[in-house]
Amino acid sequence: MRQSNTYIIIFTLITTVFVGGVLAVASLLLGPRQAISIEYDTKSQILSAVMTITKKDDVLGIYDKRIESLVVNNKGEEIKTDSKGQPLIAEKVDVAKNYKLKPEERMFPVFKYVSEKDSTQIEAYILPVYGNGLWDKIWGFIALDNKLETVKGVSFGHKSETPGLGARISDDPVISERYVGKKIYDDKGELVSVNMVKGEKGLPLDTHHVDGMSGATMTGNGVNKMLKDYLDCYESYFEKVKSQNVAGL
Amino acid sequence: MSTEAVEEKIVKKVSEPLLSKRRKKLVKDPLNEDNPITVQVLGICSALAITIKMEPTIIMGLAVIFTVMFSNLIISVIRDFIPNRIRIIVQLAVVATFVTLVSELLKAYNYPMFKVLGAFVGLIITNCIVMGRLEAFAMGNKPYDSMLDGLGSGLGYAWIILAVSFFREFLGSGSILNFKVFEALGIPYVNNGLMVDSIGAFMILAIIIWIQRIKTGYVEQ
């Protein structure tokens, strides 16, 4: 009986329904909790561009207090609704999905890091970046000062860069520290971004270059391209903010 | 119907103590003499992939112990109903269910760890240790024994990967459970990049196998 086709089919059906049911229930029950975890993770990543986050920190609280977000297009205009007319939330903008679109069609979130005492005082602009590393996707956040010229901090993430080599972009705090204080504009006012050089020599470099990662030149190139691509996309927004700042004075 | 069958077996088992010598052997053997990694040489992939740091290794070890224990239990409970021709698929479905549960739980309660381990937790499904125990033990033994067998194999896997990860983190990153040992002691130490690479895992694993075989006198035939 156990070998008959009918028995096998019925057994398979029952197993499938049961297993599917268990997983569906689990997914339903854990869904809200997962959403919180992901939100917490996104927000701590954004904040880690400007501060060191420890496990004890109240990430969501700090975020609510210190971050104001908006979404812009690549002309620097603020957009409030998506293509379907739904209100946009900067934290929910999927940078990975937007990366596949042409720059003109993408949505670019901007996270303003405001002063603790005066919430109209902007201390830094935090921008998401996204690109390709050596093996897979890399991403991160770059924080610029309120003049939009100097890098205040970066935090990178990666999907599968080589551990100990390319993976250092996220694991090794030394790498992100190297970016602090670098300028994204050259003397002529051209946006040149900050580039990682080949090799890790520890030599003093100018304000547009940081020391490379030994054995991870390809990842470094990916980081360079990612930063330049996204800073270019945000450039018109920078111009706009700067002209407003001048007018405001 | 299935619950009846199980109850019957439990009643019969009462004569044997809960932790008889034979049962202790089920748990103990895979820890050393019949270790899934060092003797059976199974599950090497994940032993290389996730042992760079100790923290993810602990989670991975727990995930495997959980999966192999409960897959063994479920398969053993329904072993008399599984049609022989599709038994591998059924085993796979059970393992996959538990692995997915572990992965979802991790995503909900320890998202940073989920990001580190994500793919590898999913790959427990293909871990030969789990499938091997189901096919070799759970298909022919009682539920409680199967669970103990699963616990033994899981622990055998866990302690080896933990040992490997200890040396890899200590020598490769200069830390133990993310605590920077050398910095705290004030000893200058240049991290050994080889240990962070998979090659380091191979070497440490080989040394562990070497020491173990000197002690047990095990020789491959």
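**Surface.** I looked up the accessible surface of chain B in this predicted model and found about 11000 Å², of which 69% belongs to carbon and sulfur atoms; the areas come from the Shrake-Rupley method with a 1.4 Å probe. I noted that 47% of the 221 residues of chain B count as buried, a word that stands for under 20% relative accessible area.

**Conventions.** I kept in mind that residues are numbered from 1 along each chain and that chains are lettered from A in the order in which they are written. Local features need pLDDT of at least 70, side-chain atom pairs count only at pLDDT 80 or more, and totals for chains use all residues, while side-chain values use heavy atoms, without hydrogens and water.

**Overall build.** I recorded eleven helices and two strands in chain B, taken as DSSP runs (helices H or I, at least four residues; strands E, at least two). From the N terminus, the order is α-α-α-α-α-α-α-α-β-β-α-α-α. The C-alpha trace of chain B spans about 65 × 45 × 30 Å along its principal axes.

**Helices α4 and α7.** I then turned to α4(B), residues 54–77, and α7(B), residues 128–136, which pack at an angle of about 25° with their axes 10 Å apart. That makes α4(B) roughly parallel to α7(B), a label for angles under 35 degrees. In contact (heavy atoms within 4.5 Å), I listed Thr67(B), Val68(B), Ser71(B), Asn72(B) and Ile75(B) of α4(B) against Val130(B), Arg133(B) and Leu134(B) of α7(B).

Key
Axes fitted to C-alpha atoms, helices over the stretch in contact; angles between N-to-C directions. Parallel < 35°, antiparallel > 145°, perpendicular 65-115°, else oblique. Buried < 20%, exposed > 50% of the residue type's maximum accessible area, 1.4 Å probe, protein only.
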